[in-house]
Amino acid sequence: MTKLSVNINKMATLRNARGGNVPDVIAVARDLEDFGADGITVHPRPDERHIRYADVYALKEVLKTEFNIEGNPNPRFTQMVLEVRPAQVTLVPDAVDAITSNAGWDTKKHLSFLKEKISEFKARGIRTSIFVDPVPAMVEGAAETGTDRIELYTEMYASVYEKDPARAIKPYAEAAELAHSLGLGINAGHDLSLDNIGYFSKGIPHLLEVSIGHALICEAIYLGLENVVNMYKHRLRS
Ligand SMILES: CC(=O)[C@@H](O)[C@H](O)COP(=O)(O)O
Ligand SMILES: NCC(=O)COP(=O)(O)O
C-alpha cells in the first residue's frame, strides 16, 4: 500500500502565529504516528516561517516512522540534513521567497549540481528523492542523477482534476511508468486532498509514498469543528 507521510508545516504555522508552543509540533508528530501515519514530512524554508531548523533536530530524536525532509539543498540545508540523517531527503528547487513550492527541477540544466548533492546524501545513508513535473525529459534527467526516487509535483493534477480527472492523471501515469522502467521509486505530493487522492492512487502505478500537508490539516480542522464546539458547549453548561 502507498505510504502516507504527513507534512506538519501548517501545524508550525499555527504555532508561530502566537509565539508560544501551541500546538506543540513535536507532540503532534508523535500523535500522527500513533494515528497511523507512515511518516512525517517537513519542509523548512530559509525564513523558518513554519518549521524551524531546531524543530527538525528535535523531531529526529522522537520519530519512530520515516522522516522526510524537503527543501532546496543550499549549504545550510545540506549541513542540517547530513547531521540529522533522516530516512529520506527530497530536493525541491524553491526560490527563497516562494510562497510554496511551484515547480519541479529542470534536471537537465542542473544535472551536475543534483548529481553532486545526491551522492553526498547517499554517502550518509540517506534515501534521496527529486521533485519533478510529470515531464518525460525531467524524469530521465532525474534517473541520470543517481537518485533513488522522484516526487511527482501534483499541483497540476489537483487543479485539472476538478474539471477533468482523466486528463489530469494522464501525464502522471505516463511519468510513473517511465520512472519505474528507469529503476526509480515514485513519490508524489502537493495539493493532494481527500477529494483527489483516491483517484490518484488508483491511477498511478508503483506509487510508494504521498506527502500531504495543507489539505490534510485544513480537513482535520474542519472535520473536528462540530466535535469541539460541542465540547465547549458541554463545559459551558456545567
Ligand atoms: C514540495 C512540496 O510540494 C511541499 O513540501 C510543499 O511545498 C509544502 O511546503 P509549504 O508548507 O511551505 O507550502
Ligand atoms: N511534498 C508535498 C508535501 O509535503 C505537502 O504538500 P501540500 O499537501 O502541503 O501541498
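In the predicted model, helix 5 (residues 111-123) packs against helix 6 (residues 136-145) at an angle of about 45°, and their axes lie 8 Å apart. Helices here are DSSP runs of H or I with at least four residues, strands are runs of E with at least two, and both are numbered from the N terminus. Axes are lines fitted to C-alpha atoms, for helices over the stretch in contact, with angles from 0 to 180 degrees between N-to-C directions. Helix 5 and helix 6 are therefore oblique to each other; angles under 35 degrees count as roughly parallel, over 145 as roughly antiparallel, 65 to 115 as roughly perpendicular, and the rest as oblique. The crossing of helix 5 with helix 6 is right-handed, that is, the near helix is turned clockwise from the far one by less than a right angle. On helix 5, Leu 111, Leu 114, Lys 115 and Ile 118 meet Gly 141, Glu 144 and Thr 145 of helix 6, contact being defined by C-beta atoms, placed from the backbone, within 7 Å. These residues comprise three nonpolar, two polar and two charged. Ala, Val, Leu, Ile, Met, Phe, Trp, Tyr, Cys and Pro count as nonpolar, Asp, Glu, Lys and Arg as charged, and the others, Gly among them, as polar.

Val 25, Ile 26, Ala 29 and Arg 30 of helix 2 make the contact with Asp 55, Ala 58, Leu 59 and Val 62 of helix 3. Six of the contact residues are nonpolar, none is polar and two are charged.

Ligand 1 is surrounded by residues that include Asn 7, His 43, Arg 45, Glu 70, Thr 100 and Gly 213, a residue being near a molecule if its C-beta atom, placed from the backbone, lies within 6 Å of it. The shell around ligand 1 has two nonpolar, eight polar and two charged residues. Around ligand 2 there are 14 residues, of which Asn 7, Gly 189, Ser 211, Gly 213 and His 214 come nearest. Strand 8 (207-212) and helix 10 (214-237) each contribute at least two residues to this shell. Its classes are three nonpolar, eight polar and three charged.

An unreviewed UniProt entry lists Arg 45, His 50 and Thr 100 under "binding site". They spread over 56 residues of sequence but cluster in space, with a largest C-alpha distance of 11.4 Å. Arg 45 lies in the loop between strand 2 (39-42) and helix 3 (53-62). UniProt positions follow the numbering used here, feature names are shortened, and annotations may be inferred rather than shown by experiment.

Residues are numbered from 1 along each chain as its sequence is written, while chains are lettered from A and ligands numbered from 1 in the order in which they are written. Local features need pLDDT of at least 70 and side-chain atom pairs count only at pLDDT 80 or more, whereas totals for chains, interfaces and linings use all residues.

Key. Contact = placed C-beta atoms within 7 Å.
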